[in-house]
Amino acid sequence: MIYEKEWENPDYKFLSYKTENLSWYIHFHVSYEICYVTDGEMTVTIGGNEYFLKKGDAVIIFPYQLHKYETKEFSRLHIITFMPELVPSFAEEYKNMIPTDNFFMMMEKYREWLYPNDLFMQKGLVYSIMGSFVKYRTFYVSYKNNEDVLLIKSLKFIENNYAGDCSLRTAAEELSYGYCHLSRTFKQFAQMTYNDYLNHYRINRAVYLLKTGKKMRIQDVAAACGYESMCSFNRNFKDFTGVTPSEMIAKKGGRKRK
């Protein structure tokens, strides 16, 4: 599971942390994100560009850029995410701008500075990285096509409504798109069905709650993630994680919650 730090800190301005074996289906952020490979290798797809990253490589992803991660064998990473308001001068100058190439080859020089412990050091680190990045990059104005807009709206709808009625039919009605058009477009550009994506999102939230939620019963976790049926929750949980909720709790040394 990734993005646990973001879920723990919904009002964050800057986060810097390590993670391993990063794989995550297509998504976007309102923040900037730096993905720096410190060991192993992985593939990052950003927009229509695919980057194969090995040790020492990095990519910098701008707000609202659709992207996904895939690790086939092993990857160890350092992730930095920061909100545009942390670097207002940079964010204003590059507002609605997208780099033609997201690859960044200079992260090694910043390795010892990746845990800034105050606001000024955070700003200094980020401004320095972004200054180095834009020096060797060209940019274009972001004019999103209809498919990008629809996919971003759909992903945002799931993020905001996963705990309740988040069906494809409800999404189509709320977003004012045809049911079949939304279903077809989502599958084409997300490379999975709307329902599969929704279940992935819900189960990842459930994993987060089981690992961090204090004394939450399994049925309460299921309800908090939009599942009315424990049978469906348990089946999807095992399909996506390989273990049952109770087994995951036991692996973490916690007591089983019925």
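**Figure 1. Contacts across the sequence in the predicted model.** In this predicted model, contacts between residues at least 6 apart in sequence were examined, and 72% of them join residues at least 24 apart. The protein contains 10 helices and 10 strands. Its C-alpha atoms fill a box of roughly 55 × 45 × 35 Å along the principal axes. Of the 258 residues, 48% are buried.

**Figure 2. The surface and the charged side chains.** The protein exposes about 13800 Å², and carbon and sulfur atoms supply 48% of this area. There are 34 positive and 30 negative side chains in the protein. The centres of these two sets lie 5 Å apart.

**Figure 3. T38 and the residues around it.** T38 belongs to strand β3, which comprises residues 32-46. The relative accessible area of T38 is 12%, and T38 is therefore buried, as the limit is under 20%. Leaving aside residues up to four places away in sequence, T38 touches K55, R76, L77, H78 and R111.

Figure 4. A disulfide is a covalent bond between the sulfur atoms of two cysteines. A search of the whole structure finds 0 disulfides. For C231, the closest cysteine sulfur is that of C225, at 17 Å, which is too far for a bond because a disulfide requires sulfur atoms within 2.5 Å. C231 is exposed, with a relative accessible area of 54%, whereas C35 is buried, with a value of 0%.

**Figure 5. Y64, a residue with positive phi.** Most residues other than glycine have a negative phi. Y64 is not a glycine, yet its phi is positive, at about 70°. Y64 is placed in the loop between β5 (58-61) and β6 (67-70). With a relative accessible area of 39%, Y64 is partly exposed.

**Figure 6. Q191, in a loop between two helices.** Q191 has a phi near 60°, a positive value in a residue other than glycine. The loop that holds Q191 lies between α6 (179-190) and α7 (194-212). Q191 counts as exposed, because its relative accessibility is 56% and the limit is over 50%.

Terms used: Residues are numbered from 1 along each chain as its sequence is written. This is a predicted model: local features need pLDDT of at least 70, side-chain atom pairs count only at pLDDT 80 or more; totals for chains, interfaces and linings use all residues. Side-chain values use heavy atoms; hydrogens and water are left out. Helices (H or I, at least four residues) and strands (E, at least two) are DSSP runs, numbered from the N terminus. Buried means under 20% relative accessible area, exposed over 50%, partly exposed in between (1.4 Å probe, protein chains only). Contact means heavy atoms within 4.5 Å. Accessible areas come from the Shrake-Rupley method with a 1.4 Å probe; for residues, only the protein chains shown count as cover. Lys and Arg count as positive and Asp and Glu as negative; His and the chain ends are not counted. The place of a charge is taken as NZ of Lys, CZ of Arg, CG of Asp or CD of Glu.
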